[in-house]
Structure formats: structure tokens, C-alpha cells
Amino acid sequence: MRFATKAIHVGEEPLFGEGHSGDVIIPIHLSTTFARLEVEKPTGGYEYSRTANPTRSALEKRLASLENGKYGLAFSSGLAAEASVLLALLNSGDHIVAFNDLYGGTIRLFNKVLKNFNIEVTYVDAQNPINVKNAIKKNTKILWMETPTNPLLRLCDIKIISQISKEHNLITVIDNTFMTPYFQRPLELGADIVVHSTTKYLNGHSDSIGGAIITSNDTLYEKIKFIQNAVGAILSPFDSYLVLRGLKTLHVRMKEHEANALKLAQYLEQSNKVERVFYPGLPSHPQHQLAKSQMFGFGGMLSFTIKGTKHQAKKFVENIKIFSLAESLGGVESLIEIPSLMTHSAVTEYGIQTNIPENLIRVSVGIEDINDLIDAFDDAFKKI
Ligand SMILES: *Cc1c(COP(=O)(O)O)cnc(C)c1O
């Protein structure tokens, strides 16, 4: 099956026969526990909903299928998924090599939580894979990457980094939240684990916090599945239903996000109010060739530096119509924010030098009419 067909059907095939009604949409299974006929084994395949729940299982199956992986696991947030991967695979004394331009919450998890367990992280500029290789130590266990990064839209070469990882017997984790499996499938490029915040594009409607991991490795799956049950940060049945529903239109939404982002990026590149535009779909992006070779599209996220200081940037985002001034991303509605003052304000506090300019504005380009979005930009530029 192709992507769009899988996005609509996998995990939700209608069931017939005794006790089944042929539902086209899977029920939200609210039962916390499942009765059995014999003591030794669960009759219907389920025991207790923290361990496994039919609605969550349907979502996990679909997520695996879209990433072309063997297994999926759904968590109560992207960070819960990340924390479960780390708990499952690391011991005290281990070391991680990470991209120095990660999601702020991931950096907080690494620097404020893992530190207490004597787990060390080295941040490198992974745009050049040699930097990743050079940072590997005897106790390194995981290479943790995001591509493209947030908010500077930098890329790393998943294939080369996965090769380096294999040569050193390490585990490559790719946060694929920005691209989604519609535009990028890291497992096909050699990565071991994909993590997602389903809160963003996968659910796509800004009404559910969730996370996921996908892998094809039996051992890694067993370890993470064990932690999912042992720690319990699972996605609820209702949220599982929401993400299953959101996924049905993922391919349609992603095409629109990308078309709008590209037009907005081109508009910004022409504007005399703008210093620089960061969007991997522009030929001016320094890694445009890598973007073309490892992604099937360029996504809906872009950033730009406005001519002026943070005062002009603030005035711009506070005045612009249609775009909500808000953190988060990936919903059908357009959002705008200033990373240095909002999403990434705490990052420097953790000692990470990310060089995020204070006049940088990040946009999650929604799927409204592009002409209205560009008109809103025109108006807001006039007011700074
Ligand atoms: C939002 C986000 C996360 C964290 O996910 P939550 O669902 O907010 O816990 C992780 N990585 C990236 C790239 C994100 O955008």
C-alpha cells in the first residue's frame, strides 16, 4: 500500500463476526481492564490498558506503517517518548552525542534531568558529520539528531550519521517531528529509532499532546515497550483516536503546508524588510542539495531575520493578523513566535551556544489561503 492509503486504513480495518459491528472508525476503547476466560492467558489479547489498549494499538500500528518500521509506541507527549527511549537504553555513566540545535525541551531533559543520573551529553554542529564522529567516546551509546532543526532549519545527513553510528555500535535516534514520515523516513536511511511529538503535524489540529517512537529493531522495541509499561507515560484512548483521525489527512495537509511555506519563503526572500530567510526548500539554503536528497519535500516550518532588532521583531509578531503569536507548530492554523524570547529563551541558560539571532522570527505556516497570509505579512511589515 502507498502512503495515503496506509494513512487512512492501517489499524482501522473493519472487523466482522461475533461481537464486531464492522466499524469503519475504530471505537475509543475506554476499558481499563479486559476480562479473560482462563487464568493463564488474556482471552482477547488485552489485559490492562497501560500495557496495551486496542485504540492505542491501532495508532501504534499506523505510525509504524507510515515510517516503514516494524513497531510503533504511543506516549502521552513527545518528551515522554524521548524520556522512555533514554530510560530504556541508557545506564549511569553513558554518553550521548547530540545536534547543538535541538528542540528546547529535549535540551532541558538532557541537561536538567539526565545530568542527575550521571549521563553526559556533548553537543556538536552535526551539519558536518565529522563533528559527530569526533565527539564519540568510549562510553557513547546514542547519537541524538533532529533534522531539520528548530528554529534554524539546519540539516544533518541521516545516512552518513547512521553509518558512523553502526561503525561504533551506537544507536541513532532521529526526531522526525518537523518533516513527518510524509516528507522524510529516517529508518529507510539507516536510523534505529524515530521519535515524534504527535502534538505537531501528525495530529495536526493543535488539540492533543502526544508522542511516539518507531523502530524496526526487535531488541530496541522490547526494551522501550517494557519501559512504556513500567513507567506508564501512555497516550490515552481518546488522544489515540484524535491522532488516528488527524493522520488520515496528513498527506493532504503536508502538501498544503509545504506549498504555502515555499510561497511565503519566496515572498520573504524578495522583501526589503527581511535580512535572511531559513527554509530548506529555497535554493539559497546552504543545505538545499542534502534536503532534496534525503527528504521528499521541505515541510511547513520557516524562519527569517527581520531587518532591525528584537524590538522590530516583537512589534511585527504582536501586530500581525491571522498568525497567532504562540509556541508550538504543525497545526492547520498559522503560528508565529520569536525563538530567542519564547521557545528557546531557556536554552542559553543550559550553557548551549546556539547562536539564535534575537531578530529571528519562526513561522509555522498553516494551510489557510496563501494570499491572506501574504497580505497579513504585508500589513505587519508596514507597522514596524
Ligand atoms: C514539540 C516537540 C517535541 C516535544 O513534544 P511534546 O509533545 O511537546 O512533549 C520534541 N521535538 C520536537 C522537534 C518538537 O517540536
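Reply: This is a predicted model. Start with helix 4, residues 104-113. Seven of its ten residues are buried, so helix 4 is largely enclosed by the rest of the structure. The buried residues are G104, G105, T106, I107, L109, F110 and N111. Each has under 20% relative accessible area, because that is what buried means here.

What covers them? The cover includes helix 3 (78-89) and strand 2 (95-99). It also includes strand 3 (120-124) and strand 4 (140-146).

Now follow the chain on from strand 4. The loop between strand 4 and helix 6 (158-167) holds P148. P151 lies in that loop too. The peptide bond from T147 to P148 is cis, with omega near -10°. The bond from N150 to P151 is also cis, with omega near 10°. These bonds deserve a note because most peptide bonds are trans.

Next comes backbone phi. Most residues other than glycine have a negative phi. N169 has a positive one, near 60°. N169 lies in the loop between helix 6 and strand 5 (171-175). Its relative accessibility is 73%, so N169 counts as exposed.

T180 also has a positive phi, near 65°. T180 is found in helix 7, residues 180-183. Its relative accessibility is 0%, so T180 counts as buried.

Note on methods
Residues are numbered from 1 along each chain as its sequence is written. This is a predicted model: local features need pLDDT of at least 70, side-chain atom pairs count only at pLDDT 80 or more; totals for chains, interfaces and linings use all residues. Side-chain values use heavy atoms; hydrogens and water are left out. Buried means under 20% relative accessible area, exposed over 50%, partly exposed in between (1.4 Å probe, protein chains only). Helices (H or I, at least four residues) and strands (E, at least two) are DSSP runs, numbered from the N terminus. Contact means heavy atoms within 4.5 Å.
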